[in-house]
Amino acid sequence: RYTVLSCNENEYATLGGDGDRLRQRYGMDEVLVHTRQESILFWEGEKVSVPTLFVERPVLSTGAGDHFNAAYMAAGMMQLSPKERLEFANRFVHFYLTHGYGARFEELLESEYA
């Protein structure tokens, strides 16, 4: 099995706010934290973060975390690097927030953040 715990900043704070410690304590492979400002990944004693593509006035925000997680998992199946997985998920959720629906792959490639 390969386990990824993904949480928003409120959930992360409730869990103690230490991604590597959470990962080790519960035997998870990755801890992923997505906030309005950045996305952070803890894995194998490493940490990588990328800034989000903040949307001031989203068309739709309900389900943004689910879209982020789905895109992150898809990026993992595409065998992208940890940083590329975060960037891909950020682009996908940015599209969702600005358009109100999940992007098709072609739409992501054509978007301003491709």
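Strands β2 and β3 pair in the antiparallel sense over five bridges, two strands being taken as paired if DSSP finds at least two bridges between them. The model is predicted, so that local features need pLDDT of at least 70 and side-chain atom pairs count only at pLDDT 80 or more, while totals for chains, interfaces and linings use all residues. Residues are numbered from 1 along each chain as its sequence is written, and side-chain values use heavy atoms, with hydrogens and water left out. Helices (H or I, at least four residues) and strands (E, at least two) are DSSP runs numbered from the N terminus.

**Overall fold**

- The protein has five helices and four strands, which follow one another along the sequence in the pattern β-α-α-β-β-β-α-α-α.
- The radius of gyration is 14 Å, close to the 13 Å that the globule rule gives for 114 residues, so the protein is as compact as a globular protein of that length; the radius is taken over C-alpha atoms, and the rule is 2.2 Å times the number of residues to the power 0.38.
- Along its principal axes, the C-alpha trace spans about 40 × 30 × 20 Å.
- Of the 114 residues, 38% count as buried, where buried means under 20% relative accessible area, exposed over 50%, and partly exposed in between (1.4 Å probe, protein chains only).
- Among contacts (heavy atoms within 4.5 Å) with a separation of 6 or more, residues 24 or more positions apart account for 50%.

**The sheet**

- The four strands form an open sheet in the order β1-β2-β3-β4, with mixed pairing; β1 (4–8) and β4 are the edge strands, each pairing on one side only.
- Neighbouring strands of this sheet are turned by 15° against each other on average, direction ignored, with axes being lines fitted to C-alpha atoms (for helices over the stretch in contact) and angles running from 0 to 180 degrees between N-to-C directions.
- Helix α4 (residues 82–99) packs on the sheet and touches β2, β3 and β4, its direction making about 30° with that of β4.
- β2 and β3 form a hairpin with three residues between them, and E30 stands opposite W43 in β3.
- β3 and β4 (residues 46–51) pair in the antiparallel sense over six bridges, and F42 has K47 in β4 as its bridge partner.
- The hairpin of β3 and β4 has two residues between the strands, and E44 in its turn has a positive phi of about 45°.
- Strand β3 (residues 38–43) is mostly covered, five of its six residues being buried.

**Helix α4**

- At 1.5 Å a residue, the 18 residues of α4 should span 26 Å, and its end C-alpha atoms are 26 Å apart, which agrees; the expected span is 1.5 Å times one less than the number of residues.
- The buried residues of α4 include R85, N90 and H94 as well as F88, F92 and F95, and the buried residues of this helix pack against β2, β3, β4, α3 (64–77) and α5 (105–110).
- Just after α4, G100 takes a positive phi of about 85°.

- H34 is found in strand β2 (residues 30–34) and counts as buried, because its relative accessibility is 15%.
- Leaving aside neighbours within four places in sequence, H34 is in contact with S6, C7, N8, E9, S39, G65, F68 and N69.
- The side chain of H34 makes a polar contact with the side chain of S6 (3.2 Å); a polar contact is a pair of N or O atoms within 3.5 Å, and within protein one must be able to donate a hydrogen and the other to accept it, with residues adjacent in sequence counting only if both atoms are side-chain atoms.
- T35 has its place in the loop between β2 and β3 and is buried, with a relative accessible area of 16%.
- Not counting residues up to four places away in sequence, T35 touches E9 and T52.
- A polar atom of the T35 side chain lies 3.1 Å from the backbone nitrogen of Q37, and the T35 side chain reaches the backbone oxygen of E38 at 2.9 Å.
- T35 and R104 are 69 residues apart in sequence and 24 Å apart in space, C-alpha to C-alpha.

**D66**

- D66 lies in helix α3 and counts as exposed, at 59% relative accessibility.
- From C-alpha to C-alpha, D66 and L41 are 16 Å apart in space, and they are 25 residues apart in sequence.
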